[in-house]
Amino acid sequence: MVSYTELVKKQREFFLSGGTADIAGRKKRIETLKTLLTTHKKEIDDAIFADLHRSSFSDVDYTLMEVEGVLKNIEEWNAPRKMPVSGPQLSADSDSLYIVPEPLGVVLVISPWNFPLTTSAPLVHALAAGNTVILKPSELDPTFSSLFAKLVAKYFDEKEFTVVEGAAPETTELLKERFDHILYTGCPPVAKIIMAAAAKHLTPVTLELGGKNPVVVDESADLSLLAQGIVYAKLLNAGQICICADYIVTTPSMKPKVIAALSTAFNSLGDMSKVKENARIVNDRHFQRLISLLQKTKGKVVYKAGGEISQAEKFIPVHLIDVDAEDEFMQEEVFGPLLPILTLPSFDAAVQYIKRNEKPLASYFYTANDEQATRFIKETSSGGVTVNGVMSHAFAPGAPFGGVGNSGTGRLNGKFSFDNFSHEKPVCLRAGLTYKHNL
Ligand code: NAD
């Protein structure tokens with residue numbers, strides 16, 4: 001059994017002794033990660049397939065894209081930014097102002113099972129910013145977790161980057177240690193445990209969470225676009241995605257048209273259990289959770305896609321369920337191939353409903369009307385919005401990714417991830433001195 005105290009001490013000692021200070025050394029670490037990922041791409045992709053039966057998205061490709069972005073920008077991101085000198089006490093002739101990014105120390109990254117490497121990818125930025133990293137992947141991806149732990153141990157010294165495997169008991173022990181930053185990706189109830197543990201050491205946290213992501217469909221919506229977006233969202237990892245369409249909100253007159261459009265689109269796939277890209281439910285507990293929603297709902301199943309529910313295969317075809325706001329389906333994030341449809345009298349009622357519930361990670365609106373789209377963006381709060389599509393804002397390079405309120409705190413993606421794991425230190429040098437970054 002690893003002593004977490006020893007491990008954290010070892011990483012902190014390496015950090016404090018200047019082991020991560022050198023930018024060339026940080027770059028070398030990222031190059032090593034690139035070698036690990038390219039050399040073992042097939043093994044890693046296969047391990048994720050063994051855990052999730054997902055083949056339509058490569059976590060390795062995504063992470064390599066982040067690695068390339070870091071390698072391209074690492075010098076620039078780490079460089080001090082010169083600021084204009086102004087203010088009554090400063091002189092532009094003899095004073096200089098900079099923002100100097102500095103690393104935080106020992107970073108803990110705790111990841112979920114649905115995209116095990118993609119959600120861990122910000123560790124690349126944590127290393128680039130000069131931190132050491134301990135990654136704790138989800139125990140629900142045992143094949144990936146044990147393979148990645150072995151590979152990281154082969155390529156890295158544990159004082160700079162290591163993987164700790166385990167479930168809640170191990171994570172509880174790990175969280176007793178003092179970290180300098182924690183990135184947690186998962187669900188809000190566990191996030192409260194993480195935040196409480198971090199508070200004991202005043203450790204800052206980034207929380208990437210989930211929530212109920214609405215898809216509002218107004219009277220002018222192009223239903224072929226809606227069908228395209230929903231099929232894409234529900235096929236990718238069988239709807240087990242934080243930014244998936246969680247429920248549809250529409251008006252009484254649009255409801256039959258929405259159901260017809262979605263039914264036609266899913267019918268065209270035939271038996272969903274035979275669609276190669278379609279993932280399975282991750283484990284029996286989540287399978288039972290989804291089945292229990294179908295059993296407890298007071299709503300009506302208005303459509304079932306092709307293929308039969310199979311416990312052995314952990315397969316559930318897409319279902320559309322006509323529900324009201326009190327229904328079981330409307331209480332928690334669905335996180336699967338089931339899609340409730342809530343009917344409200346108007347667009348205004350939909351906006352009010354979204355505003356008066358927890359802020360979602362993503363929200364979606366299908367409309368042909370610019371003004372309605374603008375109102376939706378201004379009047380509702382969520383981590384991000386796509387109009388006439390699903391998930392597109394989250395894949396935009398250079399855009400921040402993160403939640404708000406109950407769906408999370410902090411921003412990730414590219415430079416935002418680098419900043420997340422850095423302290424931006426304002427520095428003023430007076431009496432003619434300048435900052436020697438390359439010293
Ligand atoms: P989870 O919260 O159950 O688990 C995530 C991690 O927390 C795992 O590593 C797990 O071992 C650990 N954990 C679980 N219980 C714990 C406890 N009591 N104490 C300490 N650690 C504990 O989440 P999950 O089921 O793996 O993932 C699904 C959730 O993650 C969904 O809500 C989804 O929306 C969200 N998610 C968010 C993002 C994002 O980027 N915002 C991405 C993917 C998933």
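Which residues lie nearest the centre of the largest cavity, and how many residues line it? I opened my notebook with that, keeping in mind that this is a predicted model.

**Entry 1: the cavity**

I found 13 residues lining the largest cavity. G239, I241, C244, D246 and F335 are the ones that lie nearest its centre. I noted a volume of about 50 Å³ for this largest cavity. Then I looked up how many cavities of 30 Å³ or more there are, and the count came to one. Sorting the lining of the largest cavity by class, I wrote down six nonpolar residues, four polar and three charged.

**Entry 2: around the ligand**

K136 has a polar side-chain atom 2.7 Å from an oxygen atom of the ligand. For Y184, an N or O atom of the side chain is 2.2 Å from an oxygen atom of the ligand. I also looked at L209, where a polar backbone atom lies 2.8 Å from a nitrogen atom of the ligand.

How much of the ligand does the protein cover? On its own the ligand has 840 Å² of accessible area, and the protein covers 90% of that.

**Entry 3: where the shell comes from**

I wanted to know which parts of the chain build the shell around the ligand.

My last stop was the second largest pocket, which holds about 360 Å³ of space. It is lined by 18 residues, and A21, I23, R26, P101 and Y435 are the closest to its centre.

Which element gives the most to this lining? I found that β2 does, with four residues. At least two residues each come from α2 (23–39), β2 (96–103) and β16 (422–429). The lining of this pocket splits into nine nonpolar, five polar and four charged residues.

A reminder to myself about the idea behind this search: rolling a probe the size of a water molecule over the atoms shows where empty space is left.

Methods. Residues numbered from 1 in each chain as written. Predicted model: local features only at pLDDT ≥ 70, side-chain atom pairs only at ≥ 80, totals over all residues. Heavy atoms only, no water. Polar contact = N/O pair within 3.5 Å; in protein donor to acceptor, adjacent residues only side chain to side chain. Areas by Shrake-Rupley, 256 points an atom, 1.4 Å probe, with all protein chains shown as cover. 1 Å grid on protein atoms, 1.4 Å probe; cavity = no way out; pocket = protein on both sides within 12 Å on 5 of 7 lines; lining within 4 Å. Points joined across faces, edges and corners; volume = space filled by probe spheres on them. Nonpolar A, V, L, I, M, F, W, Y, C, P; charged D, E, K, R; others polar.
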